[in-house]
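Dear colleague,

I am handing over the structure that we spoke about, and below it you will find my notes on what came out of it. Please read them with the model open beside you.

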Amino acid sequence: MTPLILSRYTATTCLGHGLAPMAAALREAHGGLTRCAFETVDLDTWVGEISGVDGERLPASLREFNCRNNRLAQLALRQDGFDEAVRAAIARVGRRRFGLYLGTSTSGILETEIAYRHRDPLTGALPAELSYRGTHNTFSVAAFLRELLGVDGPTVVISTACSSSAKVFGAARRMIEAGVIDAALVGGVDSLCLTTLYGFHSLQLTSAGPCRPFAIDRDGISIGEGAAFAVLERPGPQSSSEAIALLGVGESSDAYHLSAPHPDGLGARLAMEAALSDAAVEPGQVDYLNLHGTATASNDRAESRAIVAVLGSAVPCSSTKGATGHTLGAAGAVEVVVCAIAIAQGFMPAGINTAVVDPELRVNYLTATRSVRPSRVLTNSFGFGGTNCSLVLGRLG
Amino acid sequence: MTALSAYIDGLSVIGPGLADWPAAEAVLAGRAAYAPDTTVLPAPLALPAAERRRTGPGTKLAIAAGLEAAGRAGLDARSLLSVFTSSGGDGDNCHAICETLATTDRQLSPTRFHNSVHNAPAGYWSIATGAMAASTALCAYDASFAAGLLEALAQVVVDRRAVLLIACDTGYPPPLQQKRPLADPFGAALVLAPQRGPRSRARLTAGLSDCGADSMPQAQLERLRLGTPAGRSLPLLALLARRASAAAHVEYLGTMSLRTEVEPC
């Protein structure tokens, strides 16, 4: 593909609001997971909960959209001057030529989960104030940001579980390449809710402690929440060679099982190979790999087999989910921002919480931050339904 | 905007009183009267029995529509990129999860949980067909069909590969039904190809427009169009059924529509 630049980016996770706390935590190998005290949840697990989400106020005219997911979207958008950068980009390319491509898995379903506790005892009806369109529907976050930011171009939500906000980079890139738009706001927003906490628990996939990706004693995920955004556009004559660029996108399907990965990571392998080929980058040119690395026994094993097949065992890699938790539909975009920070600030983040790396996995897993600047990185995002997406990022230079 | 083009190689419609594309084609071309009836969802026989039992109505609809369209295009499903679009997931499944979470027990079924993802039909499709190609699952509320068509066209234009677009919507039971009333399940599938082939029916060109969406001239078909987001495909499907050289506006976001122009092959 022709490289596109991430002219601005930001992320908010349990590591903090905006880029600075995320960069500091990644460099210093600190995490943001805490014992779960979310809502009325009674599970023995740890989560990556973001502070200040419920204090975020939506504009009165957009009250229909008030839910945790949209409050998080607005909170994250305000960081690093990102909302102003988006408005400037819209003004620059024109409202119709600016697209909106967002990923989420559970949208504002938390509102409906709570509403089901308050049904009319006689009729069973849900409370009148529940807005399905504004909160529950998968498109809600995009409908909200269209109005908040004044976007008038093509807009869509991709909801492919945990690959959602990696795949938005592919969708926006195609629209730019096809000439439909000139720039896009891409990203992902997913927030804590009962469906995912109790759902992953029902599959016995949640850890009782902070998750330990690629560890010999890994025993499940820590669910997190997050919002991460980027402005994606063509590089211009003024673009710095240091600009962060999207160089390649690879997507595939497992065709194997709805909630378990192909044991040999066959789909993951196809996605990684397609991304490298799209970027015209050789496996030996990848300096750092940000793993999907959820910390379940089978996911990490399948991913490691795909890595060994495509890249070999030497490439430094880590999963940053030990720090942020697994932010599900936001994970793809959150980890794109992790990679952008790594490239821009010149280090490879450690995979925290992992004391002893599982030798069976045969990868070069970083348990300490490495002060080496990567110039070509690969990031993996896989999800339920056997959906896989790998992205190649690097300096434009 | 820049208009995007592709050839339409295969079609499917499954909806209330419409068993398949030939039935829908006859109604939309005006050769047969429309007789609304309950949508019949074919069993997904392509899936292994264990998986088949777990599928919801949206997945059954998507697999049946996808197989019909791929078959009519004369293409192996495994060779096709796929774009799934719908306004919501499995409504019965969502209701059951919310009910369970409102009890003190809160023990979810693992199958209910994995079926709750918006891309469940896409996942079952790839298991049923063995397709390992890229697949995506979109939502744009009532604009979901147009959003899916735009995505499928962009894939054809940029990746130069044939794409299967599957738009399906199934409803919710009460009490969510009152919040999001949808009519009987409706699904439409189109195979879009970069080059003209032996099965090409028409060349489609689409672009954003400020005109409002077209309605269907007949009241019952207009109800079908408005009954589900996937039903918003009807003005385009009617052009294809009539083998007309004409244009139709398909509902998109806000005041925008997608202007779709077809030229029969």
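Let me begin with Gly351(A), which counts as buried because it has 27 C-beta neighbours inside 10 Å; a residue is called buried if 20 or more other C-beta atoms lie within 10 Å of its own, exposed if 12 or fewer, and partly exposed in between, with C-beta atoms placed from the backbone. Before going further, please keep in mind that this is a predicted model, in which local features need pLDDT of at least 70 and side-chain atom pairs count only at pLDDT 80 or more, while totals for chains, interfaces and linings use all residues. Residues are numbered from 1 along each chain as its sequence is written, and chains are lettered from A and ligands numbered from 1 in the order in which they are written.

Gly351(A) lies in the loop between H12 and strand S13 (364–365) of chain A, where helices (H or I, at least four residues) and strands (E, at least two) are DSSP runs numbered from the N terminus. Not counting residues up to four places away in sequence, Val141(A) touches several residues, among them Asn69(A), Ala73(A), Leu102(A) and Val189(A).

The two chains meet through 53 residues of chain A and 53 residues of chain B. On the side of chain A that touches chain B, the elements that each supply at least two residues include helix H7 (164–177), strand S10 (244–253) and helix H9 (266–279). That side has 24 nonpolar, 19 polar and 10 charged residues, where Ala, Val, Leu, Ile, Met, Phe, Trp, Tyr, Cys and Pro count as nonpolar, Asp, Glu, Lys and Arg as charged, and the others, Gly among them, as polar. Two bridges join S6(A) to strand S3 (residues 135–139) of chain B, and these strands run antiparallel; strands are taken to pair if DSSP finds at least two bridges between them. In this pairing, Ile158(A) stands opposite Leu138(B). Ala102(B), in the loop between helix H4 (91–101) and helix H5 (110–115) of chain B, is in contact with Tyr116(A) and Arg117(A), again leaving aside neighbours within four places in sequence. Ala102(B) counts as partly exposed, because it has 17 C-beta neighbours inside 10 Å.

Within chain B, helix H1 (residues 21–28) and helix H10 (residues 234–241) pack at an angle of about 90 degrees, with their axes 8 Å apart; the axes are lines fitted to C-alpha atoms, for helices over the stretch in contact, and angles run from 0 to 180 degrees between N-to-C directions. Here Ala24(B), Glu25(B) and Leu28(B) in H1(B) meet Leu237(B), Ala238(B) and Ala241(B) in H10(B), and the residues of this contact divide into five nonpolar, no polar and one charged.

Chain A also has an open sheet of three strands in the order S3-S4-S8, with mixed pairing. Strand S3 (34–35) and strand S8 (223–224) of chain A stand at the edges, each with a single partner strand, so one side of each is left without a neighbour in the sheet. Strand S4 (residues 46–48) of chain A and S8(A) are joined by two bridges and run parallel, with Val47(A) opposite Ile223(A).

With kind regards

Note on methods: Contact = placed C-beta atoms within 7 Å.
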